[in-house]
Amino acid sequence: VQVVETGGGLVQAGGSLRLSCVVSGGAFSMYAMGWFRQAPGKDREFVAAISRSEGNVQYADFVKGRFIITRDNAKNTVYLQMNALKPEDTAVYYCAAGEYVYIAPEMYNYWGQGTQVTVSS
């Protein structure tokens with residue numbers, strides 16, 4: 001199973017970015033998908049996750065109302081729409097596939113290489 005994230009970049013505070021994550025080599029519709037992030041010197045932290053059927057969606061408190069996670073099973077893709085970005089959102093963002101929606105990163109089986117998001121003030 002391969003997981004590839006795209007869409008990172010440099011954006012000013014208050015701006016938006018949409019991250020995409022394509023999963024190949026496996027049955028995408030059978031995976032719950034999660035987004036995590038890791039800033040320099042910090043642990044990897046949960047951002048958002050979505051279940052196979054989109055019936056269960058969870059967000060970290062610090063992104064509620066700003067980020068939206070969606071998925072398109074026909075395209076084997078999960079998205080993270082990030083709005084109202086803040087400098088503290090700067091991090092490498094990772095996509096992960098797992099069996100269920102979990103907050104703990106160790107519960108996910110497959111990971112992408114990450115995409116850098118930098119928010120300038």
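Q: Is Met30 buried, partly exposed or exposed?
A: This is a predicted model, and its local features are read where pLDDT is at least 70. Met30 sits in the loop between strand S3 (17-24) and strand S4 (32-38). Buried would need under 20% relative accessible area and exposed over 50%. Because Met30 has 47% relative accessibility, it counts as partly exposed.

Q: Which residues does Met30 touch, leaving aside those up to four places away in sequence?
A: Contact here means heavy atoms within 4.5 Å. With residues up to four places away set aside, the partners of Met30 are Arg52 and Gly98.

Q: How far apart in space are Met30 and Gln12, C-alpha to C-alpha?
A: Along the sequence, 18 residues separate Met30 and Gln12. In space, C-alpha to C-alpha, the distance between Met30 and Gln12 is 36 Å.

Q: How many helices and how many strands does the protein chain have?
A: Let's step back to the whole chain. Read along the sequence, its pattern is β-β-β-β-β-β-β-β-β-β-β. The count for the protein chain is zero helices and 11 strands.

Q: What is the radius of gyration of the protein chain, and why does it agree with a compact globule?
A: The C-alpha trace spans about 40 × 25 × 25 Å along its principal axes. With 121 residues, a compact globule would have a radius of gyration near 14 Å. The protein chain agrees with that, because its own value is 13 Å.

Q: What percentage of the contacts with a separation of 6 or more comes from residues 24 or more positions apart?
A: Burial gives some background here: of the 121 residues, 41% count as buried. Among contacts in the protein chain with a separation of 6 or more, the share from residues 24 or more positions apart is 56%.

Q: How much of the accessible surface belongs to carbon and sulfur atoms?
A: The accessible surface of the protein chain comes to about 6,000 Å². The part of this surface that belongs to carbon and sulfur atoms is 49%.

Q: Which strands are the edge strands of the open sheet of four strands?
A: The order in this open sheet is S1-S3-S8-S7, and the pairing is antiparallel. An edge strand pairs on one side only, and that holds for strand S1 (2-6) and strand S7 (67-72). From one strand to the next, the twist averages 15 degrees. The edge strands are therefore S1 and S7.

Q: Which residue in S3 is the bridge partner of Gln2?
A: S1 and S3 pair in the antiparallel sense over five bridges. Thr6 stands opposite Ser20 in S3. For Gln2, the bridge partner in S3 is Ser24.

Q: Which residues make up the covered face of S1?
A: In a regular strand the side chains alternate between the two faces of the sheet. The uncovered face of S1 holds Gln2, Val4 and Thr6. Its covered face holds Val3 and Glu5.

Q: Why is S5 largely enclosed by the rest of the structure, and how many of its six residues are buried?
A: S5 is joined to S4 by five bridges, and the two run antiparallel. Phe36 stands opposite Phe46 in S5. S5 also pairs with S6 in the antiparallel sense over three bridges, and Ile50 stands opposite Val57 in S6. S5 is largely enclosed because the number of buried residues among its six is five.

Q: What phi does Gly41 take in the hairpin of S4 and S5?
A: This hairpin has six residues between the strands. Gly41 takes a positive phi, with a value near 80 degrees.

Q: Which residue in the turn of the S5 and S6 hairpin has a positive phi?
A: Most residues other than glycine have a negative phi. S5 and S6 have six residues between them in their hairpin.

Q: Where does Ala84 lie?
A: Ala84 is not a glycine, yet it has a positive phi of about 50 degrees. With a relative accessible area of 38%, Ala84 is partly exposed. Its place is the loop between strand S8 (77-82) and strand S9 (91-98).

Q: Which residues have the most contacts inside the largest nonpolar core?
A: This core has 34 residues. The elements that give two or more residues to it are S3, S4, S5, S7, S8, S9 and strand S11 (115-120). Those with the most contacts inside the core are Met33, Trp35, Val78, Leu80, Met82 and Tyr93.

Methods
Residues numbered from 1 in each chain as written. Heavy atoms only, no water. Buried < 20%, exposed > 50% of the residue type's maximum accessible area, 1.4 Å probe, protein only. Axes fitted to C-alpha atoms, helices over the stretch in contact; angles between N-to-C directions. Rg over C-alpha atoms; globule rule 2.2 N^0.38 Å. Areas by Shrake-Rupley, 256 points an atom, 1.4 Å probe, with all protein chains shown as cover. Core = buried A, V, L, I, M, F, W, Y, C linked by side-chain atoms within 4.5 Å.
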